[in-house]
Amino acid sequence: MNRSSVYDCHVLHLDKVKERAGNITIVEGNKNVPFEIKRMYYLYDIPGGESRGGHAHKDLYQLVVAVGGSFDILLDDGSNKKIVKLNRPDYGLLVVPGIWRELFEFSSGAVCMVLASLRYDENDYLRDYKQFIEYKK
Ligand code: TYD
């Protein structure tokens, strides 16, 4: 059972150090993201019209950042849905456990970076929507 809500998922504004030669944003586990970072991965070369995600996680916390380009994320807790647009490298969407997500509307050249609280574990995935709804009851 997991009672998390889409309203537990927030866009975090990550600090930006501005210099004449460009910007830098620093992400540190348990400092400006509320979990220890165990893994990072990124999605890129996403063909136009494609979508990603289509699953939930049982225990995983994630911070999703559009480090390049833009895309939309649909969040669904089984009762409520919301769509968040990410289009800046200094904003990150915190996705808590127990939330179904779909990523879509990727701009050309978009890069989606994900910081994750756990190492990869297929057993942490809920890949079937009906199974997800049962899990949320
Ligand atoms: P998946 O999480 O389903 O991708 P998305 O949500 O972006 O559509 O992962 C796609 C494939 O990559 C799947 O076969 C599992 C594999 N994978 C790993 O091996 N390690 C990882 O850390 C991740 C995120 C995925």
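User: What lies 2.6 Å from a polar side-chain atom of Tyr125?

Analyst: A polar contact is a pair of N or O atoms within 3.5 Å; within protein, one atom must be able to donate a hydrogen and the other to accept it, and residues adjacent in sequence count only if both atoms are side-chain atoms. In the present case, an oxygen atom of the ligand lies 2.6 Å from a polar side-chain atom of Tyr125. The model is a predicted one, in which local features need pLDDT of at least 70, side-chain atom pairs count only at pLDDT 80 or more, and totals for chains, interfaces and linings use all residues. Residues are numbered from 1 along each chain as its sequence is written, and side-chain values use heavy atoms, with hydrogens and water left out.

User: Which residues surround the ligand, and which elements give two or more residues to the shell?

Analyst: A residue is near a molecule or strand if one of its heavy atoms lies within 4 Å of it. Here the ligand is surrounded by Arg39, Tyr41, Leu43, Arg52, Gly53, His55, Tyr120, Tyr125 and Arg127. Helices (H or I, at least four residues) and strands (E, at least two) are DSSP runs, numbered from the N terminus. Strand 4 (39-43) and strand 5 (52-57) are the elements that give two or more residues to this shell.

User: How many residues of each class does the shell around the ligand have?

Analyst: Ala, Val, Leu, Ile, Met, Phe, Trp, Tyr, Cys and Pro count as nonpolar, Asp, Glu, Lys and Arg as charged, and the others, Gly among them, as polar. The shell has 4 nonpolar, 2 polar and 3 charged residues.

User: What is the order of the strands in the open sheet?

Analyst: Strands of a sheet pair through backbone hydrogen bonds, in either a parallel or an antiparallel manner. Two strands pair if DSSP finds at least two bridges between them. The open sheet has 5 strands in the order 8-7-10-5-12, and their pairing is antiparallel. Strand 8 (81-86) and strand 12 (125-126) are the edge strands, each of which pairs on one side only.

User: How many bridges join strand 7 and strand 10, strand 5 and strand 10, and strand 5 and strand 12?

Analyst: Strand 7 (residues 71-76) and strand 10 (residues 100-104) are paired over 5 bridges; within this pairing, Asp72 has Phe104 of strand 10 as its bridge partner. Strand 5 and strand 10 are paired over 3 bridges, and Gly53 stands opposite Glu102 in strand 10. Strand 5 and strand 12 are paired over 2 bridges, with His57 opposite Tyr125 in strand 12.

User: How many aromatic pairs does the structure hold, and which residues form one cluster with Trp100?

Analyst: Rings of Phe, Tyr and Trp (its six-membered ring) pair if their centres lie within 6.5 Å; planes under 30 degrees apart count as stacked, over 60 as edge-to-face and the rest as tilted. The structure holds 7 aromatic pairs. One of them, Trp100 with Tyr129, is edge-to-face, at 5.1 Å centre to centre and 90° between the planes. This pair links distant parts of the chain, since Trp100 is in strand 10 and Tyr129 in helix 1 (residues 129-135), 29 residues apart. Trp100 and Phe132 form a tilted pair, with 5.5 Å centre to centre and 45° between the planes. Phe132 lies in helix 1 and Trp100 in strand 10, so this pair ties together parts that are 32 residues apart in sequence. Trp100, Tyr129 and Phe132 form one aromatic cluster.

User: Where is Asn30 placed, and what is its phi?

Analyst: Asn30 is in the loop between strand 3 (22-25) and strand 4. Its phi is positive, about 60°, although Asn30 is not a glycine. Asn30 is exposed, with a relative accessible area of 56%.

Note on methods: Buried < 20%, exposed > 50% of the residue type's maximum accessible area, 1.4 Å probe, protein only.
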